[in-house]
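Student: I have the sequence and the model open side by side, and I would like to work through the architecture with you. Could we begin with the terms and then take the elements in turn?

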Amino acid sequence: MNSSSTTKTILFWMSIVFLGIMLWKLVSTNKPNADNVSYSHFLEMVGRNEIRDARIYLDANSVSVSASRRDSQQRVSTTLSYGDWQDLKERLIDSGATVEYTNQKKDDWVLLLLNGLPLLLLVVFCLFLMQRMRAGAWRGAQTSLPKTHTGIGYDLHRLEYGRPLIIGGIELPFDKGPVGHSDGDVLAHALCDALLGAAGLGDIGTHFPDTDPQWKGANSLLFLEHAKKLLADKNFAIEHVDAVVVTEKPKLGPHFPKMREALAKALGVSADKIHLKAKTNEGVDAVGRGEAIAAHVVATLSSR
Ligand code: MG
């Protein structure tokens, strides 16, 4: 049992004990049923030594008496003014009766205190419980909400005649292709960098250096498959990929569905998480002159 449960248990049993005491006090201070008689009649009984014992209840403005008779089980009660109770007490003692008295005002305070304590404990218990629930909800929110990570990737490759043009894992019919150590897939490279960057795992050059002969002419989808494993090891999930491929030619739009499928398969996600766009560079610079191809990618990851 943890400290929270122990505290709750203690508070619960303390409330039960005080409730029990309160009920006992309520019962014990109840005046027993008795036949009500006038004060003068009661004095006559006292004078005839008929009273065996009496309890005098002292209130702020009045005094009441409950007494039992010697010759029967009958109980009688009466009321008198506050100023007469000392005289009555002496008469009862003189008659041989046992006398007890109860200060009602004092007992009222005791009763009020005993009534209030369980309520106070209940309020403290509820406040304590609410505080614990708020703290738990806050901690739950902190632990259950996924964290979002964003990474950006960029790549550019020169284009030369006679090389295969591979973009997004798909070979496109074209008279030029990228120059690169691997297959030169500019989109896959930028995507790989965006994913690694979002996860804080370096960049594509860290994991696949272009000086390593094993990656010469490699299918760049292998890089993405490896990146997927690295992300999974760190409990990252790919939420969204948005990419722009910049090239003058060829038209990329018709090939996007196959590219999305290939990239999604390599990353182990559904294709609807991969979004591709194509732009030209309006004839400006090397890309605009058809001498190079570039890609920009933003990747969003989540982690718990
Ligand atoms: Mg590259």
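Tutor: Helices (H or I, at least four residues) and strands (E, at least two) are DSSP runs, numbered from the N terminus. Axes are lines fitted to C-alpha atoms, for helices over the stretch in contact, and angles run from 0 to 180 degrees between N-to-C directions. Two residues are in contact if their C-beta atoms, placed from the backbone, lie within 7 Å. The model is predicted, with local features needing pLDDT of at least 70 and side-chain atom pairs counting only at pLDDT 80 or more, while totals for chains, interfaces and linings use all residues. Residues are numbered from 1 along each chain as its sequence is written.

Student: Helix α3 lies across which strands, and at about what angle does it run to β2?

Tutor: Helix α3 is formed by residues 85–94. This helix lies across β2, β3, β4 and β5, and its direction relative to β2 is about 160°.

Student: In what order do the five strands of the open sheet stand, and which of them are at the edges?

Tutor: Two strands pair if DSSP finds at least two bridges between them, and the pairing in this open sheet is mixed. The order is β1-β4-β3-β2-β5. Each edge strand has a single partner strand, so one side of each is left without a neighbour in the sheet, and these edge strands are β1 and β5 (98–103).

Student: Over how many bridges do β2 and β3 pair, and what is the bridge partner of A54 in β3?

Tutor: Strand β2 (residues 51–58) and strand β3 (residues 62–69) pair in the antiparallel sense, over seven bridges. The bridge partner of A54 in β3 is A67.

Student: Where is A34, and is this residue buried, partly exposed or exposed?

Tutor: A34 is placed in the loop between α1 (3–29) and β1 (35–36). Leaving aside neighbours within four places in sequence, A34 is in contact with S66, R75, V76 and S77, and R75, 41 residues apart in sequence, is 4.7 Å apart in space, C-alpha to C-alpha. A residue is buried if 20 or more other C-beta atoms lie within 10 Å of its own, exposed if 12 or fewer, and partly exposed in between, with C-beta atoms placed from the backbone. Because A34 has 16 C-beta neighbours inside 10 Å, A34 counts as partly exposed.

Student: How do α7 and α8 cross, and which residues of α8 make the contact?

Tutor: The axes of α7 (residues 221–233) and α8 (residues 256–267) come within 7 Å and cross at roughly 40°. That makes α7 oblique to α8, since angles under 35 degrees count as roughly parallel, over 145 as roughly antiparallel, 65 to 115 as roughly perpendicular and the rest as oblique. On the α7 side the contact is made by L221, L224, E225 and K228, and on the α8 side by A262, L263, A266 and L267.
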